[in-house]
Amino acid sequence: MPATRRTLTLALLLVAGGSLAFATGAAVVDGPADTFADDEIAVQPADGPNGRYAYLNEDDEIAIDVSASNPDIRDPSFEGVNVGATGRIDGVFTITYTGEEYAQVWIDYESENVTFVADGESIEGGANNVTLASNQTVTVGLKFDTRGATAGTQLGADEFTINATPAKPATVTDASSATIGATRQTAGGGPTVTVTSPGADRREFVGSGVGRGDTVRFRAEGMHLDGGNVTLDGIDLAGVRNERIELNAAGSPAPFENGSALTTATTPRSVAYLAIDYDFDPDAVDAMTVRFSADRDHLNATGTDPAAVTLYRQTDAGQWEEKPVEIVDDDVVEAAGLPTDRVHFRATTTEFSTFAVAAHAPRFDVTEAAVSPEAIEPGEAATVRATLRNGGGVTGERSVTLTADGDPVATETVALDPDETATVSLGGSFETAGAYDLAVDGTPVGTLIVGDPAGDGEEDDAAGSGTAAGSGDDAGDGPTEEPGGIDLEELGGLLVALVIAVAGLALVRRMPRS
């Protein structure tokens, strides 16, 4: 398997802090790729937001350009990497081995300021190789240090070399890099762990040679739960009492086929779903810790407070129970070399099944409302008293609006803790006579009568006072009327209409049913 040389460009321009958003990505061979070694090695831009920094040039070779000259970056505000900064750009491109055996891959690159990394660890030099099995992928990123650099200059050499050599199964067991598609043995002769990646949203984990009571850590390398916005970063099994364990993980932004959506009394907003399939007795493991993360920009864009993020497990009865979630401290994130542009979470459970990442949200329900008075004259005011309850799982503030026939009348801002109630008064004056349907945030309150909605008050007064029309000295000359006010001629017409109506009814009844 020969090596191949490729191009890297890093333009260092003085830009405002925080102008870049770097996130983890993953990829499989699907679409155009830069191939070599008898087409057994395929290099592609990663599937994720940082994959735009890599592209195939006119020679169909992978090129990396973190600058405004990148043809795939059309953001006019993007200028380059911050000067005087350190950081990591995860998920830039992927290397996939499509052969039938094993391959060890690594990168040679001459730069003190830029390092190629996988899972935060360098893959530069043969000693830091990653071992890939058939159809397995490693996602590669960049770690940079621009302290002391000058704005507008290019950092590092123009070319880097991707190396690939055949590997025997024996070298796979002893491999020191634990990356996607690779096998590693824990330092000190612990369990041997294998992680394979059939797709960006799936992982297969195998642990063998596990000592009784050992903890086995699987790294998922940013497996997609909701694309790169929310990812599974790892699964830890504590107190394992099996010599060998296997489990598979799958992620989805929507409920799985034949699965139910997250439903609880507090109505949290579902974010993503994680399914765990395992082949061991759950009693053989003391606990499982799920490590996942979310892109900070995505949380901000969706208005999600990291403290509101939680994890639910679906029980055998189909119910959803919440599991305690903790946010990993920033100092721990930095010490572990985790991406700082993501918020990292951990949740521990003693049971396994389908999980849902969710976010608590306030939910204001109108439990009672009434208008007083129910009838007023034009220009007068009416007041609606409404009782509100926060049925969500987190404290919230909300503007509550009274409407009349859909038009806003009054608004009040209410802040409530979970399960807290409050009563608000919303009112306004009504100038035009009519019947108004009132509602508080869409919840019907009742009908308010203003003045005379029919507009016939004066006619009613005239009809009910004085002498009836046609009365007086000449009243006896007029036609005789029945007491109900219908003359005989009109009554005859009414009887005819009634007969017709009855006949029609009989006709309908005799019609055969289809």
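## Terms and model

A residue is buried when its relative accessible area is under 20%, exposed when over 50%, and partly exposed in between (1.4 Å probe, protein chains only). By that scale Asp236 is buried, at 9% relative accessibility.

This is a predicted model: local features need pLDDT of at least 70, side-chain atom pairs count only at pLDDT 80 or more, and totals for chains, interfaces and linings use all residues. Residues are numbered from 1 along each chain as its sequence is written, and side-chain values use heavy atoms, with hydrogens and water left out.

## Asp236 and its two arginines

A salt bridge here is a side-chain nitrogen of Lys or Arg within 4 Å of a carboxyl oxygen of Asp or Glu. The count comes to 14 salt bridges. Asp236 takes part in one with Arg217, at 2.9 Å from N to O. Asp236 lies in strand E19 (residues 230-240) and Arg217 in strand E18 (residues 214-226), so the pair ties together parts that are 19 residues apart in sequence. Strands (E, at least two residues) and helices (H or I, at least four) are DSSP runs, numbered from the N terminus. Arg217 is partly exposed, with a relative accessible area of 42%.

Asp236 also forms a salt bridge with Arg291, at 3.1 Å from N to O. This pair links distant parts of the chain: Asp236 is in strand E19, Arg291 is in strand E22 (residues 287-295), and 55 residues separate them. Both Asp236 and Arg291 are buried.

## A salt-bridge network

Which residues are linked in a network of salt bridges? They are Arg313, Glu321, Lys323 and Glu351. Within this group, Glu321 pairs with Lys323, and their closest N and O atoms are 3.4 Å apart. Glu321 is partly exposed, at 27% relative accessibility. Lys323 is buried, at 13%.

## Phe352 in its loop

Where is Phe352 found? Phe352 sits in the loop between strand E26 (342-349) and strand E27 (354-359). Phe352 is buried, at 6% relative accessibility.

Contact means heavy atoms within 4.5 Å. Leaving aside residues up to four places away in sequence, Phe352 touches Leu237, Tyr278, Phe280, Pro282, Val285, Met288 and Arg313. Arg313 is also a member of the salt-bridge network. Phe352 and Arg313 are 39 residues apart along the chain, and their C-alpha atoms are separated by 7.8 Å.
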